[in-house]
Amino acid sequence: KTSISYALRYIGKAYDEVTPDDLRLYLAKRIQIDKISKTSADNERRNLSSFYGWLQKEEILLKNPVRKVEKIKVTKKRKKAYEMIDLEKIRLGCVTNREKAIVEFLASTWCRVSEMCEVKISDIDGSRVLVHGKGDKYRDVYLNARAKLAIEVYLNERNDLNPYLFPRAKYAGDVKKMAQNGAKKDWYKKPEYVDEKGPMDKGTAESIIRRIGRAAGIENAHPHRFRRTGATMALRAGMPIQTVSKLLGHNNIETTQIYLDISDDELEQAHKRWVI
């Protein structure tokens, strides 16, 4: 809503007077004058398209002007997986057993961070974990020995009744209030600091990984990178891409290929090995 209101104010016309040329000029100015990235500009284009698509569907407008506005081409960069040394640095950078459990869970299961946050203790059955993924679909992911041990040690420190594997803090988001109440990094050990029902949110998990990464000297550390790392390492070790795709919860292999961090040298070696 905010980006749409901003765009209409910027253009200076009512929503039903905006033309495709107005939108093209707006996006060009955002890139050239406001210096936003092409990715951000295309996100704005998509938001406007959704807005006008809804207006057309509800028969408020006959046409969607964004349909004639070309998608903004963005140069795709190869996204990097963690190196093995990076993973070890992250492990060493964990301060609490909760942080260790989060890192090992992500490294073993290749879960989306939102999926991890929704996992309940009751969803864990030995090495198998049932997660609720995109498209309202459930799938099994798996814990290796290191992840199982990290989670066991972490859970043994908890004494609360929150059903989630990684619960929300009672004063989540309020650092000052947490500090006033004497909470420390191991706050999860004390039931009075743990929310009764809610799970840790996605933003909290992302902040934890970023903080650990910064302390370890690793650039661009974030939870989603564990998915790319797991998929890449498994493929290098010989796992069929169909299996990698299924473990990631993808509907097609084309999506999985986006995740893989395969270098030109590796492609050359694979070509020498397999192509006669």
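1. Trp110 sits in the loop between helix 5 and helix 6. Helices (H or I, at least four residues) and strands (E, at least two) are DSSP runs, numbered from the N terminus. Phi of Trp110 is positive, near 60°, and the residue is not a glycine. Most residues other than glycine have a negative phi. Trp110 is buried, with a relative accessible area of 9%. Buried means under 20% relative accessible area, exposed over 50%, and partly exposed in between (1.4 Å probe, protein chains only).

2. Basis of the values. This is a predicted model, in which local features need pLDDT of at least 70, side-chain atom pairs count only at pLDDT 80 or more, and totals for chains, interfaces and linings use all residues. Residues are numbered from 1 along each chain as its sequence is written, and side-chain values use heavy atoms, with hydrogens and water left out.

3. Overall content. The chain has 13 helices and five strands. Of its 276 residues, 39% are buried. Contact means heavy atoms within 4.5 Å. Among contacts with a separation of 6 or more, 63% join residues 24 or more positions apart.

4. Glu59 also has a positive phi, of about 60°, although it is not a glycine. Glu59 belongs to the loop between helix 3 and helix 4. Is Glu59 buried or exposed? Glu59 counts as exposed, at 71% relative accessibility.

5. Helix 5 against helix 7. Two packed helices are described by the angle between their axes and the distance between the axes. Axes are lines fitted to C-alpha atoms, for helices over the stretch in contact, and angles run from 0 to 180 degrees between N-to-C directions. The axes of helix 5 (residues 97-109) and helix 7 (residues 145-156) come within 8 Å and cross at roughly 150°. Helix 5 is therefore roughly antiparallel to helix 7. Angles under 35 degrees count as roughly parallel, over 145 as roughly antiparallel, 65 to 115 as roughly perpendicular and the rest as oblique. The crossing of helix 5 and helix 7 is left-handed. A crossing is left-handed if the near helix is turned anticlockwise from the far one by less than a right angle, and right-handed if clockwise.

6. Residues in that contact. Helix 5 brings Asn97, Arg98, Lys100, Ala101, Glu104, Phe105 and Ser108, which meet Arg146, Ala147, Ala150, Ile151, Val153 and Tyr154 of helix 7. The contact of helix 5 with helix 7 has seven nonpolar, two polar and four charged residues. Ala, Val, Leu, Ile, Met, Phe, Trp, Tyr, Cys and Pro count as nonpolar, Asp, Glu, Lys and Arg as charged, and the others, Gly among them, as polar.

7. Helix 4 against helix 5. The axes of helix 4 and helix 5 come within 9 Å and cross at roughly 155°. That makes helix 4 roughly antiparallel to helix 5. Ile90, Arg91 and Gly93 of helix 4 meet Glu99, Val103, Glu104 and Ala107 of helix 5. The residues of this contact divide into three nonpolar, one polar and three charged.

8. Cores. A nonpolar core is a set of buried Ala, Val, Leu, Ile, Met, Phe, Trp, Tyr and Cys residues joined through side-chain atoms within 4.5 Å. The largest has 37 residues, and Phe105 and Met116 have the most contacts inside it. Helix 4 (84-93), helix 5, helix 6 (113-117), strand 2 (128-132), helix 7 and helix 9 (202-216) each supply at least two residues of this core. Helix 5 gives the most, with five. Another core, of 17 residues, lies apart from it and includes Leu8, Val18, Tyr26 and Val69.

9. Which residues does Phe105 touch, not counting residues up to four places away in sequence? They are Trp110, Cys111, Met116, Val119, Val129, Leu143, Ala147, Ile151 and Leu165.

10. Helix 2 against helix 3. The axes of helix 2 (residues 20-32) and helix 3 (residues 38-57) come within 9 Å and cross at roughly 150°. Helix 2 is thus roughly antiparallel to helix 3. The crossing of helix 2 and helix 3 is right-handed. Leu23, Tyr26, Leu27, Arg30 and Ile31 of helix 2 make the contact with Lys38, Ala41, Glu44, Arg45 and Leu48 of helix 3. By class, the contact has six nonpolar, no polar and four charged residues.

11. Met233 is in helix 10 (residues 224-236). Met233 touches Tyr82, Glu83, Met84 and Leu87, not counting residues up to four places away in sequence. Met233 is partly exposed, at 25% relative accessible area.
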